[in-house]
Structures are given as structure tokens and as C-alpha cells.
Protein chains: 2
Amino acid sequence: MKTNLITIGDEILIGQIIDTNSAWMATELNQMGAEVEEILSIPDDLRAIKKALSRGFAQADLLLMTGGLGPTKDDITKKAIAEYFGVNLTFHQPTYERIQKLFERWGRSTTEAHRQQCFMPENAELLYNKMGTAPGMLFEKGHKILVSMPGVPYEMQYIMEKHVLPRIKKQNNNSFAIAHRTILTVGEGESRIASRIEAIEDELPENIKLAYLPGLGRVRLRLSARGKNPDLLATALNEQVSRIQATIPELIFGYEKTSLEEAIGALLMKHEKTISTAESCTGGYLAHIITSVPGSSRYFQGSVVAYANEVKQRELQVKAKTLEEQGAVSEPTVREMVKGALEKFQTDLAVAISGIAGPDGGTPEKPVGTIWIAVGDRENTETLLLNAGKDRVKNIQYTAVYALDQVRKFVQKHYETDS
Amino acid sequence: MKTNLITIGDEILIGQIIDTNSAWMATELNQMGAEVEEILSIPDDLRAIKKALSRGFAQADLLLMTGGLGPTKDDITKKAIAEYFGVNLTFHQPTYERIQKLFERWGRSTTEAHRQQCFMPENAELLYNKMGTAPGMLFEKGHKILVSMPGVPYEMQYIMEKHVLPRIKKQNNNSFAIAHRTILTVGEGESRIASRIEAIEDELPENIKLAYLPGLGRVRLRLSARGKNPDLLATALNEQVSRIQATIPELIFGYEKTSLEEAIGALLMKHEKTISTAESCTGGYLAHIITSVPGSSRYFQGSVVAYANEVKQRELQVKAKTLEEQGAVSEPTVREMVKGALEKFQTDLAVAISGIAGPDGGTPEKPVGTIWIAVGDRENTETLLLNAGKDRVKNIQYTAVYALDQVRKFVQKHYETDS
């Protein structure tokens, strides 16, 4: 079912709010095999709305519209719909009585604006909205359908879940299915991954598509399949996932919606290991990322942000000699920081980071972006040198991703190979 | 200047990512007086892209397109643009050499995909992209302009700021002037600020508009003026800024684009004070925010993330008795954490945070969102109790904002009143 989403509201066109409704709707629709072909955002403008309706009905079977149903003067979606269909707006007594009752319960009285809100295009099928005052409206035009909903996210979601999605599901069961699998990778760029799995990509069946979704230090590989039989699609996707898994196993940290920090947390819990961090240039960002996972207190004990060299010496027992001879940004320093953190927090593992995040502080031998990472336990320490860029915030985020990846590799190397 | 934004990418149409680029672009364009009339998201599909180009050129003067410029096979924006204009793709040697040099510096080699990425529509004016491998492309069609940029937010932002916005500004200067002033506030909600400055807002001259731009714990007040004479606009705006400043002085931490953490850094440097943090539930986020400011090493010494109670005792000398009788989330605990951090890091000031970020861990007396903040020096300590929501990540961010605001208030109260 070809679907268009239309978002109405001046606040979107001036960038005041981010349209999160469309992503929510697209996710739900996609899972049902309804293909979203276009997402359009337009202002609260009569002409623009009518034009969007013409265009939408010409190219899609289902139009889902949000916004512009409020009680204020700039909300003119209903007027535009009525003009588009050439129908009148008629007063809907039950909606008015419902609003009056709601306001009575809140101890407030309704205004003329609320009465105006109860005028509906006469060809609308009203969709009950438990979460707010404005009902959804469904219109049929031949075999095509238009649904207009409020823009408030939980109101839209209620109407979608109670009315719209069930109707689509019923209609779809007769036609086709769509399925997705997402493979999550870290530590390698989009194009290198592409060249490693080129043969697999070239041999993909006609009905399966592969998309690369890059993020900082990470790339998601999304396989999408279309067909008639959901079971066959799942089998076909699994086969491709297995082929990719066998080709780039060391890059994959998870599947579907897991975050890297969640995957690391799960890995630490699986091996019953606790962790602490000792951070210089990342300034606490790695600890923040680790602790953004609910329940991280089960494996995370604490962190020292050792920005000043004296703090590195006093709190992490980095030797003055090491700092003097090798510098704060050096492999020996991060090795000593790991030891210091293991001791201080009494954890099984520790991660240490020291580098030059920029924009200043670089030297010819150690330019901005020179960053040392170490991960270790009481027996082993593994180190990594990053040559990052010049952007401070990006360097910090990038370093945290690579530090987490180093933890993953350390655990795999030292705790998973002896089986 | 009528502007259309076109976002290309299957990942948007299936709801896998939220289109934040459009909101960023719309905000920037709006400030320059360029009116965004439509935001359109379409899949990585040749026909859809060409159709969007026809439609866009028919209704707008400026088309800004993002996405689909990566090195992988699903990225077909360039092919679509070349077909739309009826031109060839030609190999661009300088771009290829730049990519090769970049990869050499990273100690990696380029792939065939990178070479393919260097084929450009022959009518493209290339826009240098410091942040990534794909340059932006500018096309002229009569008096109309199309710009195609990568979808990675910081790459798009770089190209917009370096190339696109300056060009729009230049073009605009010939017709009318637009000027903005932004007042930055913290610690009070949008509607309470609105009611305090209602009289000023009601009396604004016809050509000046006030917009409220709310963020987490912060609200930006943007005054925009339109007219012919830039000097008159500046004077008129200054007058309104002064009126607002006189009405809500204690809420204002800065003007224009200063971040709260930059403002706090400047304040600490002005008073020659150093600072450290002791964090429990924020897990290093406050230290991260403070150290995201270049040059923060001049006032920031370090932080302890004391997630476990033992760490609070051992590292921050919080008394076992306090933790037992008052709990880790309590005013006495954060007071002792401040003392511990002052001692440990030998700073003039320290900030301590302990709370329940959620989603679990709440009790009837201390529900999720109960968060204590303390700021102190060797003589005084000021505390604040937050009753935040249930969302972990939002709570962490919100707490960091209020902690920074507490530092601001502490410095103003104790170091600025004795003049």
C-alpha cells in the first residue's frame, strides 16, 4: 500500500520543532508492509494543504496527515479538507458534549474556540481520540483513504494504534509482507565494509535490498526483503545475515536496535566482569556513555577524570618520570592509568584514555587528534593509538566508540578464546 | 527566497532515523529571511529524486538536498541529478587525491568505491567539505539554485555554514535587511518567562517578532527585526534586549550563541576559580559538558564518578553513617561529596550530584527523578533538590544544566555581591 505522510505546521518549517511523528509512523507502517513513499511537511496554509491533498491522492493509496486540528486560529486543516472535497463543515454535537464533560471534570469552562473545534467536514468518519479533544477524521475517495490526526505525538499514536493500523493490517493480509534485519558494526568505514561484502551484495536476490547506515565509528547494515510469504522472507534474510556474519565477524557487535554501550554491558555481565574508566581528553564522556544504559551499576563502578597531570599522578599513580619523559599522551601513561584505575576502583577491567582532543594543544610529533586508549585487567593490557581529526566534540565521541570497541575486543581475546 | 528542503534516504522513509537535518537547516535559513515552504523526504530512488527536482524547481528558488552521496551502491543522488540535467558524470581528480591523502594519513588504503565517489555531474560547482570525503555540489538553473550535500549532520552543517548561508546572505543584502538578537535563559519554563515579559511583548514594534526556543532547562528568546536600514534595526533590537534584561536579569546567562558551559567557564576564569566535580547518577556527563569547551583545562581539574557507594566512601570520604542513615541520594551526602572533591582535586569550587536517574531504583519517598545537587567552596555550600521525570537520558542532561546553573548562582552570590 503506497503511503504518503503529510505533516502540517509552521513550527516545523521554521525549524522550531523536529518532526518525530513521521519517523514513528513510518516505523509502524513499514513493519506492516505499507510503503511510505514520501514524507511532506508544509505550513498551516490553506493553499499548501489543498495542493498536498491533490498531489497525495494522485500518487498514493493512503494519506496520513497530522497537525492543524487545534482550537487556535492558525489551525486550518479541516477547512482545507472541506474545501478540497467541496463539502460543508457541520457541527458535531457528541464531540462538543465530550469536550464540555472533560472540561467540567478539570474544573474549567470551554471557550468559543472549543465550539468552533467541533465543526467537521460532513464526509468525515470520526475516529475517537481518548487522549485529547480533537478526534481523528477518516475520508474515503474511491479506494483511497485520507486520515487527518492531531499533531500531538501521543494523540496521533493513540489514533494510529486504535484505528488506522488495524485497518491497514486487515487490508494487507491479502497482498504482501515486508521484513528487515539490521547488522550492527563498529571500527570500520562504510566503503571498506562494502568492499569486503561486495560478492554477497552482488548476489542478493531481487527482492532483498542492502542499505548502509553510517554513524560515528559505526555502520549499520540493513537488509530489507519483500514478498508474499513472511516465513520465506525470514528464511531468506537469515541466510544473508549468516553470510555477512561469516565474512566480517570481528566487526559485528550486535543486531537490530542494540547500542554499542548496551552490547558491551551485556558482554561484561555475561563474563561477570566489573569495569572502571580513567579519562583525560574524553573528560567523562566514556563514563557517561557507559552509564547511560539502565542497570549499568551492575558492572560499572566509577571513573576518574584526570584532566590535570597532578591528578594523573595523585589519583592514578602515573609516575612523574613517565609524564616527564613520555608525556601525558603516550602509551606508557595510559598503561599506568589502567593500573591506577584497577587499583582505585577494585574492578576486573579498566579503560584509560589520554589524548589531544583539540582544537589547541597539538605539537608536530603529537598533533591534535593523537589519542591513546588502553584496556586491561591484572594480567594483560591492550593499547590502541587513534589518529583522529581536529574537531574537539567529534574526537571525544569517536574516541569513546573506539574505547568501547577495545573493551569488546579485549573481552573476546582474553575471556572467550580459551574454550 | 522561497526554499524547498529535500531529504533523500530509505532510512528516513522506514523510520530508522529521524530527520534532524531539516530542522537545523530551517532554523538557519529562517534567521536569514529565507522562507522554507516545503520539506520533502524521499527514498534512494532514481525516479523519485528526479520527480522531486522537477517539482522543486517549479515552486522554489533554492533547493537544498541532503543524502545519497556516500560511496555505496544505494547512494544514487548524483546519478539522478546528472540525468535530470542531461549531463555526464566526470571523474574529479582533485577530490580523489584528497581522499587518498586522507586515507594515507589514517594508514588505510582507498577502495574502488572511493574512486566511484569521485565521479561528479559535469555542471556541478564543487563545495569543499572539510568534514568528510564527499564534497557538496551546487547547480544553477536560470536564477534558481540546487545544492546537494551529504546527509551526515556535521558534514551538511559545514557546507551550509561555509558555502550556502554566506551566499544567501549576500543575495539578501540587496533587497532587505534582517537582524536577530538572542537572549539565553536558564532555570525557568517558557510560559513563566512569557508571563513575566508579557507587557514588553505586547508593545513590540510591528517589524520585530519574538520567538521562544525552548531546550532542556533553557529557553532562548529570539528577537527578529526586518527593515531597510541595518543600523536602525540594531538600535531597535538593542532597546528591546535592554527591556527584557531589566525584567528577568537573574535568568539570563548569555547572549547569541554562547553555551551555558562556555558562560560558566568564562565566569570561572573571570574570578580565577578552579572547579572539580563528584558525580553519581550523571555518570560523568557534567564533567563531559564542562570539558567540551576548548581550553577548559584552565579551570577544570578533574572529576570522580562515584557510582558505587564504596567509591563514594573511599574516594570522597562520604561517611558510612551518612549513607546508612540518609541514603546516597540526600542533601548530607552531596554536601560531603563536595568536601571530598575539594580535598581530592584541590580546587576552589566543587559540584556534587547524587540522584535516581531511572528508569528503576525509585522508592515511595525517593521516586525516580529525585536528584540532589550541591555546589561549594571551603566556606559555603549551596544545595538544590530536583524533582525530574522518569526518562534516564533526559534526567541526566537536565541535571547537568541545573548543576551548571547552580555554579553560576553560587559564583554570583558569593563572589560578585561584595562589590
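This briefing covers a sheet shared by two chains, the helices on it, and one further helix of chain A. The model is predicted: local features need pLDDT of at least 70, side-chain atom pairs count only at pLDDT 80 or more, and totals for chains, interfaces and linings use all residues. Residues are numbered from 1 along each chain as its sequence is written, and chains are lettered from A and ligands numbered from 1 in the order in which they are written. Helices (H or I, at least four residues) and strands (E, at least two) are DSSP runs, numbered from the N terminus.

- Ten strands form an open sheet with mixed pairing, in the order 17(A)-16(A)-15(A)-13(A)-14(A)-14(B)-13(B)-15(B)-16(B)-17(B); two strands pair if DSSP finds at least two bridges between them.
- Strand 17 (381–387) of chain A and strand 17 (381–387) of chain B stand at the edges, each with a single partner strand, so one side of each has no neighbour in the sheet.
- Neighbouring strands are turned by 10° against each other on average, direction ignored.
- Strand 14 (residues 300–306) of chain A and strand 14 (residues 300–306) of chain B run antiparallel, joined by five bridges.
- Val305(A) stands opposite Ser303(B).

**Helices on the sheet**
- Helix 13 (residues 309–316) of chain A touches strands 13 (275–279) and 14 of chain A, and strand 14 of chain B. Contact means C-beta atoms, placed from the backbone, within 7 Å.
- The direction of helix 13 makes about 140° with that of strand 14 of chain A. Axes are lines fitted to C-alpha atoms, for helices over the stretch in contact, and angles run from 0 to 180 degrees between N-to-C directions.
- Helix 16 (residues 392–415) of chain A lies across strands 15 (349–355), 16 (370–376) and 17 of chain A, at about 30° to strand 16.

**Strand 16 of chain B**
- Strands 16 and 17 of chain B form a hairpin with four residues between them, and Ala374(B) has Thr383(B) as bridge partner.

**Helix 10 of chain A**
- The buried residues of helix 10 are Leu233(A), Gln240(A) and Ile244(A).
- Exposed on the other side are residues including Asp231(A), Asn238(A) and Glu239(A).

Key:
The expected span of a helix is 1.5 Å times one less than its number of residues. A residue is buried if 20 or more other C-beta atoms lie within 10 Å of its own, exposed if 12 or fewer, and partly exposed in between; C-beta atoms are placed from the backbone.
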